[in-house]
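Hi there,

Here is the structure I promised to pass on. Have a look around it first, and then read my notes below.

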Amino acid sequence: MEKLWTGRFKKALDSEVNDFNSSIRFDSKMAKEDITGSIAHAAMLGKQGIITKEESEIIQTTLREILGDLQSGKLTIDPMAEDIHSFVEGELTKRVGDTGKRLHTARSRNDQVALDVRLYLRGKTDELQAELSALVETLLSLAKEHRDTIMPGYTHLQRAQPITFGHHLMAYAMMFLRDMDRLNDCRRRMNRSPLGSCALAGTTFPIDRLYTAELLGFDGVCENSLDGVSDRDFILELSSDLSILMAHLSRFSEEIILWCSWEFKFIELDDGYSTGSSIMPQKKNPDIAELVRGKTGRVYGDLMTILTVMKGLPLAYNKDMQEDKECVFDAVDTVLQCLSVFAPMLKTMGVRKDNMRKAAAKGFINATDCADYLVGRGLPFRTAYKITGELVAFCIDRGKTLEELTLDEYRAFDEHFAPDVYEHIDLTVCAAKRTSRGGTAPQAVDFEIEQAKKQWAALTGKSGEK
């Protein structure tokens, strides 16, 4: 296939250099977007009288035919083409002759590729939002179901205070809602059309940039032509947002992996989301969660790639920017793959409430409530803290829990203890008393779920009623 830029050159490109220079192996993903953008450009050229209306209609019709042929498999992309833009234009010219050569009037590959990437990533951002929305819905449902399921809360991986499993799940729901919000912001900034920026300086032809932007569903245009062809902020932002999202998925995966172990046994993953060992028949491995955790590093690497590519480039377009696509395409595909299996994995897991409760009964996680009890009897918190610490040490020496101490043993440490102390250190009561907004009490979790539903509805444009 003849290169679009051969006029200046007297010698063919070296074959190895051609392979090195070519981007068709990865930018062919944008075939639909390239054709969609070209249809809008052809419509504008005809509207503005830059080409005849008849030529515009022929180009648009033929481009739609090419897209249909690609989608049906009747036409396949030539792997020897330099890029998707030259392939589509070459196929168009092959079908309609010189009329096809008029399509590139008032357009450069620089604004064309910038347009294609924005269109492609806009669509992928919508897919990401749909997957995230499903994950949040799953978490809200599970949190409601386990609003009063007692488990130990941890700091430093040490049992700290009693919480509910619903409260724990809602922490991740909040993280993913923020991820959705970030993607919404990213999409909004991404949704500006660079088409018409041309190579870097605009064009002498009387184009209508707002018309093509409207046809393609953009909110407006890139107002500076240099910026239009050289801006990749939207790729940096999307890659960053995806890295934060993967950090959240990785943290959640780590807890799932811990909870699956015999040391915790808080949950049981469904057989459809676990694997076995080739030599140890007793094993049931949380491979899906482990892969999500592992793929996080891959997405981080994609972010570092594009940050490094862009860090020292002068305006406007440089060939370095061809390297923007593979990394962000990989990040998007990886995150979509992770999200597609994560929500079903959570939906199908079994929750071992008994083991959660047993774990919560150990580790003196009601010690703070014991100290608060003394504060309620008039002691300063620091005094109450010291007394409770001494009680814990006493229990450890005798192999007891706070619940197992007699009232006489309590009163030996402080006379403010009374029979109602046992009610105050009951784990269910301990959790239920934390009614502050955002707390772990079942009614606080209910309120949190309702607030999250409102956020979810605002982000998705759907009803929050479930």
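Is D83 buried or exposed? D83 is buried, with a relative accessible area of 6%. Here buried means under 20% relative accessible area, exposed means over 50%, and partly exposed is in between (1.4 Å probe, protein chains only).

A word on the source: this is a predicted model, in which local features need pLDDT of at least 70, side-chain atom pairs count only at pLDDT 80 or more, and totals for chains, interfaces and linings use all residues. Residues are numbered from 1 along each chain as its sequence is written, and side-chain values use heavy atoms, leaving out hydrogens and water.

Now to the salt bridges (a side-chain nitrogen of Lys or Arg within 4 Å of a carboxyl oxygen of Asp or Glu). The structure holds 31 of them. In one, D83 meets R109 at 2.5 Å, N to O. D83 lies in the loop between α4 (53–72) and α5 (84–96) and R109 in helix α7 (residues 109–145), so the pair ties together parts that are 26 residues apart in sequence. Helices (H or I, at least four residues) and strands (E, at least two) are DSSP runs, numbered from the N terminus. R109 is partly exposed, at 22% relative accessible area.

Helix α7 also holds K124 and E127, three residues apart, about one turn of the helix. Their closest N and O atoms are 3.5 Å apart in a salt bridge. K124 is buried at 15%, whereas E127 is partly exposed at 40%.

Finally, D69, E91, K94 and R95 are linked in a network of salt bridges.

Enjoy exploring!
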